[in-house]
Amino acid sequence: MTAELPPGLALQKVDERIMTLNVGPQHPGSGHMRIVVQIDGDYIVACDPDPGYVHRGEEKMAEYRNYITNIPHLERPVIHDSCNVLYPYVLGAEEILGIEVPERAKYVRVIASELNRCIYTQYWLAIYGIFLGHSTMFMWPAGDRELLIDLMEKMSGARVTHAHFVPGGVRNDLPANFEDACLRQVNYFEKRIKEYAAVFYDNPILISRTKDTGVLSKQDAIRLGTTGSVLRASGVDYDLRIKEPYDVYEELDVHTNVMKEGDSYARSKVPWLDMMESCNIIRQALQKMPKSGSVRTKLKPNPKTKGPETVYKRVESGRGSLGCYIVSDGKTEPYRVKMSVGSFRNLIALPYLLKGEKLGNMPSVYWSLNYWPVEADR
Amino acid sequence: MLKDLVTPENANVFVGKLGDILEKAIDKPLGYAINWGRIWSLWPVHIETACCSVEFGAASSPRYDVERFGIIEAFGSLRQCDLVVVQGTITRKMAPRLRLVYDQMPEPKYVIAMGACAITGGLYFDSYNVLPGIDGVIPVDVYVPGCPPRPETLIQGCILLQEKIKRMKARKFV
Amino acid sequence: MSEETEKPTPETTEKSVAKQEEVIELPALEKGLSEKLTSKFGEKTSIAFVKENRVRVDVKKEDVHDVAEFIRDEMNFDHVESVTGVDFPDDKEIEVVYHIGSYTDNSLANQVLTLATRAPREDIPIPGKDGTRLPTLRDIFYSVEFHEREVFEMLGVYFDGHPDNRRLLLPEDWADLPPLRKDFAIKGR
Ligand code: SF4
């Protein structure tokens, strides 16, 4: 970068050459955040992410509502992954309130959670397509995800904000003939996403834009504490569905997808492979699910807690491990709720990866971190 | 006779008067044509503010395909846009930026407030960092309620805005 | 996982048998972890609870740096998942909780070690300039960088030695109390 500069640039001193660029919040390639980058010619020399444009104080609000009424607003950080984002909170609340979950509800939860993971990943993939200027890759995932949204709509009644998980189970039982419809849609969906390889993942333009950009080595992925697909793309085999199975994941056969490269291409491919795994899990869960039975342990409107307690529960969401730390002081409202979200944990990798990268690669590196700003800001 | 009337001193006044008369005469058809052009080019600024942007994105997906109405086409520069769709919560950090974006847009510009949060604060009515609706920041033309509004609702809101523009005085902005 | 991670489970031997009576069924691994900490630091640490997959250690703020270093070097934990500040106005203290996990050690993959420490709390906070301070753990766990920035702005706990204690999520003109303190009341409540 320093050795052979073009003639015009060589005349200037380094400090004069460096330019500060604001990317966002009004920018097609930034989402709901601002990234301040300093560039020298075409190369990024420093990057300072500035999140917080959607900081809505969820954690403070949770202290004023009881364990049930917290549900709707705690799922808002990621409305298209709303089952997964509620999952750790619901697991924690169950432990604090001391309730058992019926067996069938656990399977319904697994199905809903996997469907949501696909819905989330499809949206993410669609936006990734836009960021790379590949409009077919916006249209295909955005259209196919409606199939699964239909299923979730049948199951819970809402398009994206389901509020389906409650402490004690799920809100409603599955509608009639849901299993058949689900199996049909999921099979078709799996067939569809396999076609993405031809148009996207084997596309030489995509490969040349994402291969070997933003390489995160295995040591750094561990040191920076990244999670989810970013971690697995760097060669660390870590998935909470296997390592710390919750609900009925123990009884299901779950595989992880690990890639060694750690570049943007690997980071964009791992979630896609995970979607196929989700289809497998849904099929298994549909098979093993008890055919009847209750799906919810009913609670009083203002449930009593067992006493002071702290719990930390975590699940594997679409963006990686999602932890919820609840401190209860024995009242009906939680004393403190903290969501430790995957997006926020992956954000630290952004300044690290962008250093020395070309400015044109910024969108592809940024969005490959599986980052959803609303979730990171909470 | 005209020569007597128009002296070098009052030439400007006279031409201005003539323009007014001319404009009055063809206002109706001209205004209609201008408005007709405007309603089919409602291009939004690319500013996402919160979770409603998921449904905003879904509105351009193949199932809803809002671009068939000639509206809400994803577009780059705000200098060429004439619509702000406020996609949800406006936090205290975002509000000055939203105003800045609005101020930089050329006239005419329209605003759709999408989602309960943009209308009243919605779920976050008691949060410390959320504005109770965006009316205090920018003027709103159409409110689209819902949390989040379904894409159909957003399309309906846009069609309402088109109806509204049709009845507006085009001359105000000429 | 690669070879270097396949280490035998640490400390599952005689030590864990000693205090079996107190808690009914205590998982051996978690017990081993807590024993290891107490045998090194003795009085300085107090094990708050040992649950399935979760161990919680309370330490004084002077010792948190040493304990964290020990956790990283000797116990194979390698990243921090979350840093939480909890305000306790009655005790005049703010608790900061680190949830520490491990990617490299396969036997620890389901473990979360909770390291809790407390900073003194001032009634009228001047974030960054008053006595609400803790030593930073960023030189030990790099991953705490943004988390500690968040705790600083949300509760006003200044981390000594943190290279970049700036505001992260709140608006630039925030001049009120740090919002997650208990005496900051939100409107209408
Ligand atoms: S209206 Fe609902 S979906 Fe829209 S931004 Fe507000 S909380 Fe999110």
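Are A:Glu114 and A:Arg241 buried or exposed? In this predicted model, A:Glu114 is buried, and A:Arg241 is buried as well. The two residues form a salt bridge in which the closest N and O atoms are 3.3 Å apart. Because A:Glu114 belongs to helix 6 (residues 103–131) of chain A and A:Arg241 to helix 13 (residues 240–243) of chain A, the pair ties together parts that are 127 residues apart in sequence. Over all chains, the structure holds 56 salt bridges.

The next stop is the interface of chain A and chain C. Here 45 residues of chain A are in contact with 48 residues of chain C. Between them, these two chains bury about 4,000 Å², with 55% of that area on carbon and sulfur atoms. Of the area that chain A buries against chain C, 16% is supplied by A:Lys60, A:Tyr312 and A:Tyr335, more than by any other three residues. Six salt bridges are found across this interface, along with 19 residue pairs in polar contact. On the side of chain A that touches chain C, strand 6 of chain A gives the largest share, six residues. That side divides into 17 nonpolar, eight polar and 20 charged residues.

Two of the charged pairs can be followed in the structure. C:Arg54 meets A:Glu244 in a salt bridge, with 3.1 Å between the closest N and O atoms. A further salt bridge is formed by C:Glu150 and A:Lys338, whose closest N and O atoms are 3.4 Å apart. Since C:Glu150 lies in helix 3 of chain C and A:Lys338 in strand 8 of chain A, this pair joins two chains. C:Glu150 and A:Lys338 are both buried.

What about the helix that holds C:Glu150? Helix 3 of chain C spans residues 145–155, and eleven of its eleven residues are buried, so the helix is largely enclosed by the rest of the structure. Among the buried residues are C:Phe146, C:Val151, C:Phe152 and C:Leu155, as well as the charged C:Glu145 and C:Arg149. After the helix comes C:Gly156, which has a positive phi, near 75°.

Chain C also has a salt bridge of its own, between C:Arg118 and C:Glu95, with the closest N and O atoms 3.3 Å apart. C:Arg118 lies in strand 5 (residues 112–120) of chain C and C:Glu95 in strand 4 (residues 93–101) of chain C, so the pair ties together parts that are 23 residues apart in sequence. C:Arg118 counts as partly exposed because its relative accessibility is 27%, while C:Glu95, at 6%, counts as buried.

Chain C touches chain B too. Nine residues from chain B and 13 residues from chain C make up this contact, and about 970 Å² is buried between the two chains, 50% of it on carbon and sulfur atoms. B:Lys93, B:Asp126 and B:Tyr128 supply 60% of the area that chain B buries here, more than any other three residues. Two salt bridges cross this interface; one of them joins C:Glu172 and B:Arg97, at 2.8 Å from N to O.

Finally, there is the ligand. Its surroundings comprise 14 residues, of which B:Cys51, B:Cys52, B:Ala116, B:Cys117 and B:Cys147 are the closest. The site is shared between chains, because residues from chains A and B surround the ligand. This shell divides into eight nonpolar, four polar and two charged residues.

Terms used
Residues numbered from 1 in each chain as written. Chains lettered and ligands numbered in written order. Predicted model: local features only at pLDDT ≥ 70, side-chain atom pairs only at ≥ 80, totals over all residues. Heavy atoms only, no water. Near = heavy atom within 4 Å. Contact = heavy atoms within 4.5 Å. Buried area = accessible area lost by both parts, 1.4 Å probe. Salt bridge = Lys/Arg side-chain N within 4 Å of Asp/Glu carboxyl O. Buried < 20%, exposed > 50% of the residue type's maximum accessible area, 1.4 Å probe, protein only. Helix = DSSP H or I, 4+ residues; strand = E, 2+ residues; numbered from the N terminus. Polar contact = N/O pair within 3.5 Å; in protein donor to acceptor, adjacent residues only side chain to side chain.
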